[in-house]
Amino acid sequence: MAKTQHLGHIDEPLLIFGGPYSNLQATEAILAEARMLNIPFRRVICTGDVAAYCGDPQACSDIIRAAGIHVVKGNCEESFGVNAEDCGCGFDEGSTCDQLSARWYAYAQDSLDTAACRWMADLPDAVTFRMAERTVFVTHATATSNNRFVFASTADTVKAAELDAAGADAIICGHSGLPFTQPLGDRLWHNAGVVGMPANDGTPRTWFSVVTPAPGGIHFAHRPLEYDHAGAARRMRDHNLPEEYASCLGTGLWDNCDILPEAETAAQGQEITPGSHLWPAAEAVRHAGVAAE
Ligand SMILES: [Fe+2]
């Protein structure tokens, strides 16, 4: 049975990020960013996969738990929580990601203590909130799956069906690693990206979002995170974790594009620019609809 945590009505900015991925340097940086933006931890949401590719699964999990931010259960938390045999990422069997995941998953599984795994097992599958008369559903991958990859190029019909299943006006997620915002009629899909790995754009920056109620609607801002990526790569090499991912932290280029559709593969190495999308208030959209008739 899916577990959902309801945060109620929120009328101040939220900071949302995904995929800490055992990257302690990035996780410390995103928590520092929240402090710098004066966003209290009760208004910070992580879309899951706290422990994965990088060198510090236990420390990463510890500082996130200590901060008391909201976390939705990613496929990694689900796997660590039940001591599963693999990460449940949804990689194709035999693919490079699948083979490499065996190494980082075993390392993280070995590193995490019982309390961390228990905490992961108990996390909600989704967090919902109301903002500017809209219902927003925050989850790891989609409303019906914790490991389906949804990208900007994924068919609108897939996203619409997930929004229907969520019973929400917007879905905010992570998992697939690339940030984007996409209106779907009066509804919206937003991927806040991940902080623990770059977005395959040829820069070491990673991504998070600030979601702010504003006159006329809600602002979804994609923001880059600068952090000590060299330190994070060192930690991976110290623990003999896959060099493919350690190098990626510096180059900003994924080792392979196995999980990516054609359009996202073609965009590899193209620098992402920070941007903000104003999602109009429901009231304004209704008026616009009436005016157009
Ligand atoms: Fe994931």
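Which residues in α7 meet which in α8? I opened the predicted model to find out. On the α7 side I listed His-229, Ala-232, Ala-233, Met-236 and Arg-237. Across from them, α8 supplies Glu-243, Tyr-245, Ala-246, Ser-247, Leu-249 and Gly-250. By class, I noted six nonpolar, three polar and two charged residues in this contact.

Next, the geometry. Helix α7 spans residues 229–238 and helix α8 residues 243–251. Their axes come within 8 Å and cross at roughly 170 degrees. Angles over 145 degrees count as roughly antiparallel, so I logged α7 and α8 that way.

I then turned to α1 (residues 24–36) and α2 (residues 57–67). These helices pack at about 15 degrees, axes 9 Å apart. The crossing is left-handed. Leu-24, Thr-27, Glu-28 and Leu-31 of α1 touch Ala-59, Cys-60, Ile-63, Ile-64 and Ala-67 of α2. That contact has seven nonpolar, one polar and one charged residues.

Last, the aromatics. I searched the whole structure and got eight aromatic pairs. The ring centres of Tyr-21 and Tyr-53 are 4.8 Å apart with planes at 85 degrees, so I marked the pair edge-to-face. Both Tyr-21 and Tyr-53 are buried. Tyr-53 also pairs with Tyr-245: centres 4.6 Å apart, planes at 55 degrees, so this pair is tilted. It links distant parts of the chain, 192 residues apart, with Tyr-53 in the loop between β3 and α2 and Tyr-245 in helix α8. Tyr-245 is buried too.

Which residues do ring pairs link into a cluster? I wrote down Tyr-21, Tyr-53, Phe-80, Trp-104, Tyr-105 and Tyr-245.

Methods. Residues numbered from 1 in each chain as written. Predicted model: local features only at pLDDT ≥ 70, side-chain atom pairs only at ≥ 80, totals over all residues. Heavy atoms only, no water. Axes fitted to C-alpha atoms, helices over the stretch in contact; angles between N-to-C directions. Helix = DSSP H or I, 4+ residues; strand = E, 2+ residues; numbered from the N terminus. Left-handed = near helix turned anticlockwise from the far one by under 90°. Contact = heavy atoms within 4.5 Å. Nonpolar A, V, L, I, M, F, W, Y, C, P; charged D, E, K, R; others polar. Parallel < 35°, antiparallel > 145°, perpendicular 65-115°, else oblique. Phe/Tyr/Trp six-rings, centres within 6.5 Å; stacked < 30°, edge-to-face > 60°. Buried < 20%, exposed > 50% of the residue type's maximum accessible area, 1.4 Å probe, protein only.
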